[in-house]
Every structure is written in structure tokens, then in C-alpha cells.
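Have a look at the picture and the sequence, and then we'll go through them together.

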Amino acid sequence: MQINECFLKLSSNYLFADIAKRVKAFKAEHPEADVISLGIGDVTQPLAPAVVEALHKAADEMASCATFRGYGPEQGYDFLRNAIVEHDFRARGINVAADEIFVSDGAKSDTGNFQELLSSDCVVAVTDPVYPVYVDSNVMTARCIVTLPCTAENGFVPAFPQEHVDVIYLCYPNNPTGTTLTKEQLKAWVDYALATDALIFYDAAYEAFIRHDDIPHSIYEIPGAKQCAVEFHSYSKTAGFTGVRCGYTVVPKEVKSERMKSEVFNETQYSLNQLWNRRQCTKFNGTSYLSQRAAEAIYAPEGKQQIQKTINYYMQNATLMRKALTDMGFTVYGGTDAPYIWVKTPKCMSSWEFFDWMLYSAHVVCTPGAGFGSSGEGYVRLTAFGTHENTEKALRRIDSKL
Ligand code: PLP
């Protein structure tokens, strides 16, 4: 038996496992320390009452023969696909059809799996720093990966690749930098993709945190994007579904690549919408009925209002963190339209040096920027997903230790 040796090329440890190991060692040495995590991007606030009610109702339906649900459609139930079309797209003047929506168990699986539709000799471009899933899933398939540095010098807006690439992963609002692209900047990428026959895999997991009108919530706000972009959404941060699990992917019927055409395949066969449908029907048995009913509840008026309240709660943390850290003399980015703050390390410290300083001096856990790619060196990521109390306490401690 021979294993897929590409797995050996993955960086040895998953970033968050590395962090957990260091935190565990610190806690073993200092059992009395009250460690606050502003590191991993998990949420802390409970589900919206409307979501909990929908979950209860769906669970009750499972208790009776007449309303029990077994396997559902692999693509998702119509009630959710239609709600997505209506509220996430039509309300913004975007025309997406229900059969272009594929409900999933979250954006991690889909952003990791979508590359399966591409030939192994496709060249992919990722920003640096980057959400590691895009890189690792392509390393597993031995694809050539081009990196596009996002630095303070270029305002965290990647330059176009120097060579031809087949796919570009873009994530805005960005994890980890918390920065965004304006409509004009995103339009330049759509025009570039159309001109060079590239696909854009657009991760919109954090669109609900956008505050400014000139920042697009969906790539389909840009003319031409339906010909060149697939878009990933997640309810994890939008509605606290990190444990419930639900998201969706938009695969427009128009999106196709000239390069994917071949003499043996016809128009329908190289449609990404059809290929993704085929892939999902083979490997995915649908998102749980309970999760989908829970997701549907966030589109009803009270659900919408409740999740917005929680999003505002996190964004208050972000505002507070930006202000307090700036007042302390740190250079910070992000946090205005995203729940992440990208902090320049002081005194030329490396990301991991500053991580250790934060842990050992302030008992605060952050995420070393270097774990997201070489351009993340010299930065750490803080998240706004803590409680107000912990966020304030962490900031006071950092201030007192400087
Ligand atoms: N995409 C980005 C950029 C993320 O940061 C995350 C989660 O941290 C995900 C996708 C995964 O989301 P989900 O919980 O829906 O799998």
C-alpha cells in the first residue's frame, strides 16, 4: 500500500494544534493563570432564540412518523435554497437561481473540496497570508501554488499574478488580516479573471460583518462575476453555527472555463454547476434537516434582528480593540468591516516571539501571523469573538505589561 505522498508535504502541524500545545504547556507550568483566548476564530455568544426555536421544532418533527425526515436532497432543501436566493441575493439586486445554491455543512468542507473539480495541473493562486485550507487542500493534490503577498505596503490588496493561473482564491473580508476590497478593487479582479480565463473562488464567510457601503457582500455584485466566480458562504460567524454546521456554495450555471473545454466533453459536462452537483451526490449526503431549519430561521424578521445584535456585539469588541491597541502604540489593520484585527508586532519581534510574550506576560492567546504564510511574519491576529468582559480584561492586561 502506498500512501498519497503529498500529505507528507503538508506543513507538519495544523497551526491551531501548535498553539494549543504551547498553551497547554504554559497552563501546566502556571495552573493558576487565567488565560484569555483571542486566538482561534470560534464564537462565544449563544444561538439566536429564533434559531433555537427552529431547532426544537425540527427535533419535534423528527419524533413523529408523519413529519420524520431522513436523507434530504444532497443540494439542500428548497425552503433554505429559496430563502438564500431571496434574502442574500435578490434583496441586493443579484440574480441567482435556487439550483445554483448548494447547501453544505460549512465553508471549510466546500473551500477544501471544490478543487477536486480541477485538473491536477491547474495552477492556483492564493493570497499570503491565507486561510490555510486553500493551500493544504491543493498541496494534497500536488497542485502548483502561486502566492500573492498582501502587505502593509500594498494595502493588503494583492497584485495580479506574474504568470497565468487557472484559479485565484480570494477571501474578503479577509481572514486573517481583517482587510477588505472595495467594489472597484474587486471589479479589477473579476475583469482580470475574465480576461485571462481564470476562475475565482470567493470566500465570503465574513460578509455579514461589513459596515461600509462601498464594500461588496458578494462577488456577484460585480458585472461579469457569474461567468468566472464560485462563492462560498458560512453561517458559522454570521449566526454562531460553528457547532450547528451549515453553509452554502453558489455555483452559477454560466461559470465555466475555456481551458476546461475538451473535445471529449460537451457544454453540459464541463459546467462546474453540473460537476459540483455530481460530486456532491457522490460524496455528500446532505446537511442535517435540523441545521437547515436553523439556518432558515435567520432569514425571518426576528431571526435577522437577533443575529444582527450578536454581530454588533462582536463588532463593538473589534472597535474597542482597534482603539485600545492604537492608543497603546500598536499599528493595527482590519477590524472595521471584519471580526479580525491584524496587529504589527512591536520591536521587530517575530510572530511567535510576540505570541509567547502575550501568553507569558499578559496570559492572552493570539494567533501568530506567520502561521498563515510568510507575509504574515511580524504580525499576530486577534479576534473579536470573545466576550466584552474578556476582551476588555485582555486589553487592560496587555497595556499593563507593555
Ligand atoms: N472560510 C474562512 C475564511 C474561515 O475563516 C472559516 C472559518 O474559520 C471558514 C471558511 C470555515 O467556516 P465553516 O465553519 O463554515 O466551515
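**Where the ligand sits**

The ligand sits in the largest pocket. A pocket here is found on a 1 Å grid over the protein atoms alone: it is an open set of points where a 1.4 Å probe fits, with protein on both sides within 12 Å along at least five of seven lines. To "sit" in one, a molecule needs more than half of its atoms within 2 Å of the pocket's grid points. Before we go on, note that this is a predicted model, where local features need pLDDT of at least 70 and side-chain atom pairs count only at pLDDT 80 or more, while totals for chains, interfaces and linings use all residues. Residues are numbered from 1 along each chain as its sequence is written, and side-chain values use heavy atoms, with hydrogens and water left out.

So who surrounds the ligand? There are 14 residues around the ligand, and those that come nearest are Asn 175, Asp 203, Tyr 206, Ser 234 and Ser 236; being near takes a heavy atom within 4 Å. By class, this shell holds six nonpolar, four polar and four charged residues. (Ala, Val, Leu, Ile, Met, Phe, Trp, Tyr, Cys and Pro count as nonpolar, Asp, Glu, Lys and Arg as charged, and the others, Gly among them, as polar.)

Now zoom in on the polar contacts, meaning pairs of N or O atoms within 3.5 Å. Asn 175 puts a polar side-chain atom 2.7 Å from an oxygen atom of the ligand. The side chain of Asp 203 has an N or O atom 2.6 Å from a ligand nitrogen. In Ser 236, a side-chain N or O atom lies 2.6 Å from an oxygen of the ligand. On its own the ligand has 400 Å² of accessible area (Shrake-Rupley method, 1.4 Å probe), and the protein covers 90% of that.

**Stepping back to the chain**

The protein chain has twelve helices and 13 strands, which are DSSP runs numbered from the N terminus (helices are H or I with at least four residues, strands are E with at least two). Its C-alpha trace spans about 65 × 55 × 55 Å along the principal axes.

Finally, Asp 197 isn't a glycine, yet its phi is positive, near 55 degrees; look for Asp 197 in the loop between α6 and β6 (199-203).

Note on methods:
Polar contact = N/O pair within 3.5 Å; in protein donor to acceptor, adjacent residues only side chain to side chain. 1 Å grid on protein atoms, 1.4 Å probe; cavity = no way out; pocket = protein on both sides within 12 Å on 5 of 7 lines; lining within 4 Å.
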